[in-house]
Amino acid sequence: MVNKYCPITKGKCVEKQCAWYVPAQEQCSVLSVQTEFFMPMIPPQTTHQEKQVKVIKGKPVLYEPAELKAARAKLQAHLAGHVPEKKYTGAVRLVTKWLFPVTGKHRNGEYKTTKPDTDNLQKLFKDIMTDLGYWTDDSLVASEITEKFWSDIPGIYVKIESIGGCNG
């Protein structure tokens, strides 16, 4: 029997093959570091995928059209007020809920199954979070839960939590 610390149960793992144990030398008081906030806004629907290409002196050059620049600026302005004091330096779980204003026949709380795609929404979002200093690199996002809904109160809910070891 192995007697290791388990961040899931906040106790000891007794199974020899437990996938969640943290060796004693990696235990620390910041296993439960988390950042959580809601940004009331109409979420931008322009995504990172909408970069454009132009040819300058025979070479393709990527650029951001005005709509993408506006979306980036809007997200930066809202995210800037929630940057954690210390960057995350270990594995994190990122939970985001994109809440779009209810339109047409849709109702509050209904999943939004139309564009933009969640993966395209997240790319720009995580790039901005990296630029602002939420973490050392967005590759630290080892677990990701992204949902999009129709909502009477539009905005973006964000929760970042350290997983599997010490952070900060």
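Mentor: Seven bridges connect strand β3 (residues 34-40) with strand β8, and the two run antiparallel. Strands here are DSSP runs (E) of at least two residues, numbered from the N terminus, and two strands pair if DSSP finds at least two bridges between them. This is a predicted model, in which local features need pLDDT of at least 70, side-chain atom pairs count only at pLDDT 80 or more, and totals for chains, interfaces and linings use all residues. Residues are numbered from 1 along each chain as its sequence is written, and side-chain values use heavy atoms, with hydrogens and water left out.

Strand β8 itself spans residues 155-162, and six of its eight residues are buried, so the strand is largely enclosed by the rest of the structure. Buried means under 20% relative accessible area, exposed over 50%, and partly exposed in between, with a 1.4 Å probe and protein chains only.

S143 belongs to strand β7 (residues 141-151) and is buried, its relative accessible area being 19%. Neighbours within four places in sequence aside, S143 is in contact (heavy atoms within 4.5 Å) with V92, R93, L94 and I163.

Definitions and conventions: Helix = DSSP H or I, 4+ residues; strand = E, 2+ residues; numbered from the N terminus.
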